[in-house]
Amino acid sequence: MFVRVTGILIVVGLLLPIGVTVVVAFNSSGFLLPPSGFTLRWFEKAVRNRDFVQGFYVSLAVATVASLIATGLGLLSAFGYVRYSFPGKDWVNLLFLSPLMVPVVVLGLALYSYFVALHLNDTLTALVIGHAITLIPLSFRTITASLYNFDVSMEEAALNVGASRIQTFAWITFPIIKLGILAGFILSFIMSWNNFSISLFLAGSKYVPLPVAIYSYIKFEFDAVAAAVSTILILLSGVAIFVIDRTMGLGAVMGVRKG
Amino acid sequence: MNQTDASPQRIRKFPGRSPYVLLLLPAIAFLALFYLIPLSWIIRVSFYTHVPGAYMVPAFTAQNYLRLVTDPWYIRNSLWLTLKVALISTLASVVLAYPPALLITRSTGKLRRFLLVSVLAPLLISMVCLIFGWIVMFRGHGLMNQVLLGLHLVREPVQWMYNTFGVTLALIYISIPYVVISLLDSLQRVDPSWEEAARNVGANGWQTFLKITLPLSIPGAVSGSMIALTLNICAFAVPLLLGGEKVPMAGLVAYYQALEVNNLPFGAAISVMLLLASLLVIFVFQKVLHALYLKRMEVS
């Protein structure tokens with residue numbers, strides 16, 4: 001009983017800040033709660049703000065390209081990693097997963113100073129590369145997991161009846177692991193879409209992703225417009241959570257074993 | 001990471017030369033160029049000197065590190081503060097992660113899935129949105145104070161934010177989902193018949209938890225604390241959004257020094273220290289975990 005009550009309270013507490021933001025975004029009296037009426041006024045104001053509109057497109061572009069890079073590299077390396085035995089395999093695994101272990105402030109600072117030295121700071125390229133680095137472990141992990149749950153004898157059968165390796169991949173392997181690839185791509189996309197810390201280091205004044213735009217906005221102005229923009233971010237996260245949960249299961253993708 | 005040990009029959013070699021090199025090379029090259037080199041570069045920069053007005057000057061000096069460990073302001077206000085906040089928030093997040101983890105372990109079907117998704121959702125929502133919602137709730141006249149004042153639990157609005165207390169609370173909030181993932185891993189291995197056996201011989205819920213469930217979940221708690229502690233020692237976004245300069249945790253000072261003061265070498269030195277601190281945490285906790293598993297193997 002105690003566990004049930006405190007457990008539910010904590011779960012509610014975890015969701016509360018998210019819920020409150022969404023309520024405020026549609027509330028005609030903004031921060032004044034309880035809500036007094038439904039309005040889209042804050043969203044109208046948000047889409048009239050140039051920083052937010054630009055931020056939306058920057059985030060969309062960066063998330064798309066960075067997660068495509070990460071998924072591509074993750075797919076290739078997951079194949080090499082799962083299907084072959086070679087010396088130094090553990091080190092390769094450590095290399096691919098280590099961007100998750102390096103503190104974001106260290107990675108952000110390292111990339112920032114590196115891109116300054118390369119004269120690449122305040123470019124979309126810098127944002128895309130920085131995001132891709134943080135996404136590679138996620139796509140590698142997800143695609144590796146779906147390759148391990150895969151019966152290799154099906155590939156062997158295809159090869160035995162004369163299919164080429166590319167045909168085998170296209171007809172046998174890909175259809176089976178495509179859900180894993182999709183889940184990995186969506187996870188990467190949403191992690192890039194949400195990324196704040198790395199973006200803050202790499203965004204200058206020209207290309208500012210949406211989360212950083214919200215931060216710059218609430219530094220000076222704290223109103224329900226920021227809640228509306230946050231809600232747009234949350235909405236996309238909600239879609240991603242739903243799709244990932246339906247395809248591979250959110251728990252499995254985030255590293256929770258089946259109970 | 002248990003999946004890295006592939007059973008031998010799963011690994012099969014395609015005929016021909018070793019295509020694994022071709023498959024792995026693009027990712028390794030990308031990581032080398034934009035990850036390993038930048039990390040090495042920041043270590044090198046941490047030995048540079050900062051000359052006001054001249055960005056930075058190549059050198060080989062330990063003065064940035066010495067400043068960090070000899071300047072009393074940094075020791076007291078930043079390093080000590082960071083350690084204190086990180087330890088408290090890690091401990092609290094482990095304690096608070098137990099109830100939802102137990103709840104998820106004990107539930108099945110749709111309810112389990114719903115609870116799991118609810119707990120993991122914050123991991124897929126932007127830190128800025130989470131903290132924004134947090135500010136809305138804990139502002140001077142925010143929801144939390146309205147409720148507390150309404151219930152006459154406090155006389156004046158509580159100062160929840162822009163202080164160490166507020167940053168600690170938010171770090172706990174951010175860490176809980178990570179710890180729940182680790183705890184679930186251990187809790188799901190606990191055979192329910194053991195808990196049942198304890199109840200059958202007359203133990204109540206608390207006794208069963210303390211004697212059976214808790215000891216068996218220690219590995220999960222240890223790996224969860226490891227993740228939370230590395231996150232919290234290096235926290236930078238939460239103190240930036242919630243504390244500003246009033247809560248100068250080390251990660252935030254690194255950011256300010258590098259991007260606002262333009263003293264990149266000093267910022268680099270702080271972040272190298274943070275990198276070393278988190279590697280130390282990972283190393284020590286891995287040793288503890290290893291010892292725990294060895295002990296368990298002896299027992300069984």
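I began with burial in chain A: 51% of its 259 residues count as buried. I note at the outset that the model is predicted.

**Fold of chain A.** I looked up the secondary structure and found 12 helices and 0 strands in chain A. Read from the N terminus, the order of elements is therefore simply recorded as α-α-α-α-α-α-α-α-α-α-α-α. I then took the extent along the principal axes, where the C-alpha atoms of chain A fill a box of roughly 70 × 55 × 35 Å. For contacts in chain A between residues at least 6 apart in sequence, I recorded that 76% join residues at least 24 apart.

**Interface with chain B.** I next examined where the two chains meet. In this interface, 75 residues of chain A are in contact with 76 residues of chain B. Helix α1 (residues 2–26) of chain A supplies the largest share of the chain A side, with 15 residues.

**A:Leu159.** Is A:Leu159 buried or partly exposed? I counted 16 C-beta neighbours inside 10 Å, so A:Leu159 is classed as partly exposed; a buried residue would need 20 or more, and an exposed one 12 or fewer. Finally, I checked the separation of A:Leu159 from A:Thr123: the two are 36 residues apart along the chain, and their C-alpha atoms are separated by 46 Å.

Definitions and conventions
Residues are numbered from 1 along each chain as its sequence is written. Chains are lettered from A and ligands numbered from 1 in the order in which they are written. This is a predicted model: local features need pLDDT of at least 70, side-chain atom pairs count only at pLDDT 80 or more; totals for chains, interfaces and linings use all residues. Two residues are in contact if their C-beta atoms, placed from the backbone, lie within 7 Å. Helices (H or I, at least four residues) and strands (E, at least two) are DSSP runs, numbered from the N terminus.
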